[in-house]
Amino acid sequence: MEERNNLYPVFLKVKNLEILIVGGGNVAEEKLTFLLKSSPDAKVTMVSPMYREDTIALAKKFGIEMIKKKYRRRFLKGKHIVIATTDVPDVNVQVYKDCRKRSKLVNVADNPPYCDFYMGGIVTKGNVKVAISTNGKSPTTAKRLRQFFEEVIPENIDDLVKNLNEYRKTIKGDFEEKVETLNEFTKGLIGKKEVEHDQD
Ligand SMILES: C[C@@]1(CC(=O)O)C2=NC(=C\c3[nH]c(c(CCC(=O)O)c3CC(=O)O)Cc3[nH]c(c(CC(=O)O)c3CCC(=O)O)/C=C3\N/C(=C\2)[C@@H](CCC(=O)O)[C@]3(C)CC(=O)O)/[C@H]1CCC(=O)O
Ligand SMILES: NC(=O)c1ccc[n+]([C@@H]2O[C@H](COP(=O)([O-])OP(=O)(O)OC[C@H]3O[C@@H](n4cnc5c(N)ncnc54)[C@H](O)[C@@H]3O)[C@@H](O)[C@H]2O)c1
């Protein structure tokens, strides 16, 4: 069987979730930067005895709580998602074990066997978001694809979404009729006159 990405993507309301980042170095800063780029309203706490200057500035800007201590199990309390980024492999593995034991989602950054989930390449255009994964095989490809889609997805894609959202409210009929009307109306968008499987 050919290899295939079986990961299931979800779009988390991180505004309502508690995220903990363990560590405050380069990797922590990279993960935090991309998290906040996608989701500036994410609720994040960091725990680390040392932070980079730029990380402190970023944390201040986005209201992120910073605890200046070494990781302890008790810092997991109330957290839903945990990202471990320290330069001490044993600490990262301990975070992983502590989280698994408590059924918390955990990602040891850049360490696929110790990840319940992977961070993705993310493109946001208004209400539209595209997330990219290479199944952990090539983060560089995820980054390049992200850059590609940032270029090709038109800035005004959000106008279309908003217009269709308004139009959708005005359509009469039952659910099936509405679906049919919306599908008919948007056929041209994918550049084909005939769409064979309209529900796909
Ligand atoms: C997408 C992105 C999101 C983010 O970080 O938020 C992300 N990595 C990014 C960049 C990036 N990371 C690395 C490089 C250097 C080039 C290289 O080494 O390849 C570059 C590129 C660069 O910086 O140019 C180093 C690296 N990363 C991982 C490993 C281990 C391994 O591959 O085995 C190593 C080697 C460590 C070592 O050598 O020791 C692993 C993971 N990195 C992932 C995500 C997950 C898989 C995502 C997927 O399924 O594709 C996964 C599995 C786990 C995770 O961390 O979640 C972000 C781009 C964001 C953007 O630009 O939009
Ligand atoms: N820098 C990179 O781009 C890169 C790329 C691939 C892999 N890595 C690996 O990832 C790891 C982290 O790299 P980095 O560049 O972020 O390191 P770093 O030295 O910049 O940061 C490590 C951070 O972990 C914190 N830390 C150490 N012990 C801790 C503990 N007990 N509890 C909480 N925090 C603790 C430190 O205070 C520091 O903030 C390293 O093992 C490195 O080899 C780094």
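Reader: What should I know about the numbering and the model?
Author: Residues are numbered from 1 along each chain as its sequence is written, chains are lettered from A, and ligands are numbered from 1 in the order in which they are written. The model is predicted: local features need pLDDT of at least 70, side-chain atom pairs count only at pLDDT 80 or more, and totals for chains, interfaces and linings use all residues.

Reader: How is the protein chain divided?
Author: Domain bounds come from an automatic or database domain assignment. Here, domain 1 covers 14-119 and domain 2 covers 157-190. Their C-alpha centres lie 40 Å apart.

Reader: How do I read a sheet, and what is the strand order here?
Author: Strands of a sheet pair through backbone hydrogen bonds, either parallel or antiparallel. Helices (H or I, at least four residues) and strands (E, at least two) are DSSP runs, numbered from the N terminus. Two strands pair if DSSP finds at least two bridges between them. In this model, 5 strands make an open sheet, ordered S3-S2-S1-S4-S5, with parallel pairing. Strand S3 (65-67) and strand S5 (105-108) are at the edges; each has a single partner strand, so one side of each has no neighbour in the sheet.

Reader: How far are neighbouring strands of this sheet turned against each other?
Author: On average, by 15°, direction ignored. Axes are lines fitted to C-alpha atoms, for helices over the stretch in contact; angles run from 0 to 180 degrees between N-to-C directions.

Reader: Which helix packs on the sheet?
Author: Helix H3 (residues 89-101) does, touching strand S1 (18-22), S4 and S5. The direction of H3 makes about 165° with that of S5. Contact between two residues means that their C-beta atoms, placed from the backbone, lie within 7 Å.

Reader: Which bridges can I trace by eye?
Author: Find Val-22; its bridge partner in S2 is Val-47. Next, take strand S4 (residues 81-84) and S5, which pair in the parallel sense over 4 bridges. There, Ile-83 has Asn-107 of S5 as its bridge partner.

Reader: Is S1 mostly covered or mostly open?
Author: Count neighbours. A residue is buried if 20 or more other C-beta atoms lie within 10 Å of its own, exposed if 12 or fewer, and partly exposed in between, with C-beta atoms placed from the backbone. S1 is mostly covered, with 4 of its 5 residues buried.

Reader: Where does Leu-105 sit, and what is it in contact with?
Author: Leu-105 is in strand S5. It counts as partly exposed because 17 C-beta neighbours lie inside 10 Å. Leaving aside neighbours within four places in sequence, Leu-105 is in contact with His-80, Ile-81, Asp-116 and Phe-117.

Reader: What is the phi of Asn-135?
Author: Near 65°, a positive value in a residue other than glycine. Asn-135 is in the loop between S7 and H4. It counts as partly exposed because it has 13 C-beta neighbours inside 10 Å.

Reader: Which strands form a hairpin?
Author: S6 and S7, with 2 residues between them. Strand S6 (residues 121-125) and strand S7 (residues 128-132) pair in the antiparallel sense over 5 bridges. Ile-122 is opposite Ala-131 in S7. Gly-126, in the turn, has a positive phi of about 60°.

Reader: How many residues surround ligand 1?
Author: A residue is near a molecule if its C-beta atom, placed from the backbone, lies within 6 Å of it. Ligand 1 has 21 such residues; Met-119, Thr-134, Gly-136, Pro-139 and Lys-143 are the closest. Helix H1 (26-38) and helix H4 (139-152) are the elements that give two or more residues to this shell. H4 has the largest share, 5 residues.

Reader: And which residues come nearest to ligand 2?
Author: Of 19 residues around ligand 2, the nearest are Gly-25, Asn-26, Val-27, Met-50 and Tyr-71. H1 gives the most to this shell, with 3 residues.
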